[in-house]
Amino acid sequence: MHSPVTTSLPKSPTGITGLDEITGGGLPTGRPTLVCGTAGAGKTMLASEFLVRGATQFGEPGVFMMFEENAAELTANVRSLGFDLDQLAEQKKVVLDYVYIERSEIEETGEYDLEGLFIRLGYAIDSIGAKRVVLDTLEALFAGLPNHAILRAELRRLFRWLKDRGMTAVITAERAGETLTRHGLEEYVADCVIVLDHRVTEQISTRRLRVVKYRGSAHGTNEYPFLIGERGLSVLPITSLRLDHRASTEQMSTGIPQLDEMFAGGGVYRGSSVLVSGAAGTGKTSIGAKFIDAACRRGERALLFAYEESADQILRNMRSIGIDLGPWREKGLLEIHASRPALNGLEQHLVTMHDAVAKFAPALVVVDPVSNLIDDPSSQNLNHTLIRLIDFLKQAQITGVFNSLTHGSTATEAGMSSLMDTWLLLRNLEFNGERNRTLYVLKSRGMAHSNQVREFVLGGDGISLAEVYVGGDRVFTGTARVAQEARDRAAVEERQAAHERRMRQFAAKRKALEAQIAALQAESEADFAELNFAAAQNEAGAVIEARDAEIMARLRDGIAPKEEISNDEKALALSASQHKETA
Amino acid sequence: MTTTAEPTTPEVARAEWQLRLYVAGQSPKSLAALENLRRLCKTHLAGQYEIEVIDLLKDPRLAAGDQILAVPTLVRKLPEPIRKIIGDLSNEARVLVGLDVKPKDAR
């Protein structure tokens, strides 16, 4: 598709998720491809999907010639992938031809060839104008026909014939021991060889696919895990994933207002991935439930993958902290997929998630917890699976919340961290004989976020975050925080009281001073009046004295002041002079 | 379809031995098979057989019906169960075993 090499070699897309990415566009057009693998590796499924998708998506009708199971069996088998072969056969998009060989019914005498097979195949191809052919499994012929020399010659002729007719063919073969196929079919099919493998590690099976050979084309050479899900095969080509998803600037609420505040006030970005990690009982599930509740309140769909608790148990438990998810589920806004992690291999879980997400089209996906999907936290598989899932969600602009159970160390999370846009860390804080939950935002790409540790309080009425008390080098939570709060309140009250008391003292003192001032003023006024009186007396005294002196002078001069000076005046002058003496 | 019926006893509506030979055109193998079959029947099943020759090149649709892969293939339709013999029928003894026919000499 992208490599320049592919332009020289025409390719036919298989429509199988991931396989076309690995092969750079599909299988070689007009040539046979050998698909080999052990029993139950998924050969028939791959072949069927190649044919069905060709017929339905790429306008290339196909012939399915089967040697092991009959048409009814095959139809039933692939119906589990959502393919209706009967209908396709009716529409003349697919021809199913079951070739039955029973060794015991056949006697061999003399020369023969397999012209009958060629004629059958040719007739089937011509009847619908087929471009694709599946032969599943040719090796059954080796059991049915005793003369292998003839058979080999005829097979060689068959592949030549298929090429001449320009058929894009898939030939399946059983793998045996060291060789790719039991009967060495790889000799004849040299253009493209795909090996399927089915391995069981620690009781969990994983299917893998590898393109061994692709003549004339670059191809991914790794072993890729693949899955058979409800919508067919999907190969997980981790290394070819591209980072080209859109980044939304829209923020969505986490459902906890105080937590939203920590993310620049609006919550996390839509379509981002959120890791919520913490030890057991730190409240991861509750945060996930809050996310779901908020999404459903907005009328969005949410999907919960639970690997620890059953759906009912989650509903009950969340109800105990005031989050009722039941109504959302009834309204069809919430879907819960609960299963034990050991139910399937990691890849199978991934494909289940894929299918569920594709079918439900949610705005939010919560995985609780993602760490349970593997027993061995050091495994690379989880990362690969997660990358795949996260990218898938991001492409679809679905917000993902992944809970992760930590076992003391944060090594697993460190590996996951690069995949996550936002990381909420929950911690248990043991102090003062009790355990309290704290929460902080370890990182949140592309937005300002609070650096504060908050106490995370689960109550009957929901989740809330409280400011923790940081005193000295210690963070106070729980009762210590409450005690500290009480202490602080007491301190405030005391300060207030002290202030008031001081104010009262001031007022009293002021009042006293004022009284003093008034008294002094009164005294001063009294003094002043006295002073005035004295001054007036003094003045009057001076006038009288002057007059007395005049009178005296006149008297000494013998001038009798008959009418001028009355007796009264004399008396007055006398008293004034007396007064003057006393003063 | 080329049908070569050779009833030697016309009063019998259906022969005891219903044989069908699938061939692909006039190939040497096909011609040899037909010749060998006729000779064998005349010798060992005189008056009790019916041979139907089907040329798949002319009627490819019929290949699926009797599950024909190899050409030529002789199919014993009757008596049941169905038996198949592939090849040019050059080994008479083996054909007789395959058809479960008792050789005339032994009778």
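Helices (H or I, at least four residues) and strands (E, at least two) are DSSP runs, numbered from the N terminus. This is a predicted model: local features need pLDDT of at least 70, side-chain atom pairs count only at pLDDT 80 or more, and totals for chains, interfaces and linings use all residues. Residues are numbered from 1 along each chain as its sequence is written, while chains are lettered from A and ligands numbered from 1 in the order in which they are written.

**Exercise 1.** Find where A361(A) lies, and decide whether A361(A) is buried or exposed.

Solution. Start with the place: A361(A) is in the loop between α13 (346–360) and β18 of chain A. Next, check the backbone. Phi of A361(A) is near 50 degrees, a positive value in a residue other than glycine. Now count neighbours. A residue is buried if 20 or more other C-beta atoms lie within 10 Å of its own, exposed if 12 or fewer, and partly exposed in between, with C-beta atoms placed from the backbone. A361(A) has 10 other C-beta atoms within 10 Å, so A361(A) is exposed.

**Exercise 2.** Do the steps again for K92(A).

Solution. K92(A) sits in the loop between α5 (85–90) and β5 (94–98) of chain A. Its phi is near 60 degrees, again positive in a residue other than glycine. With 13 other C-beta atoms within 10 Å, K92(A) is partly exposed.

**Exercise 3.** Locate two cis peptide bonds, one in chain A and one in chain B.

Solution. In chain A, take the bond from D368(A) to P369(A): it is cis, with omega near -15 degrees. P369(A) is in the loop between β18 (364–368) and α14 (380–395) of chain A. In chain B, the bond from L78(B) to P79(B) is cis, with omega near -5 degrees. P79(B) lies in the loop between β4 (73–78) and β5 of chain B.

**Exercise 4.** Describe the contact of chain A with chain B.

Solution. First, count residues. Chain A gives 21 and chain B gives 30, where contact means C-beta atoms, placed from the backbone, within 7 Å. Second, name the elements. On the side of chain A, β6 (106–108) and α6 (115–128) give two or more residues. α6(A) gives the most, with seven residues. Third, look at strand pairing (at least two DSSP bridges between two strands). β6(A) and strand β5 (residues 83–86) of chain B pair in the parallel sense over three bridges. In β5(B), K84(B) is the bridge partner of I106(A).

Notes. Two residues are in contact if their C-beta atoms, placed from the backbone, lie within 7 Å.
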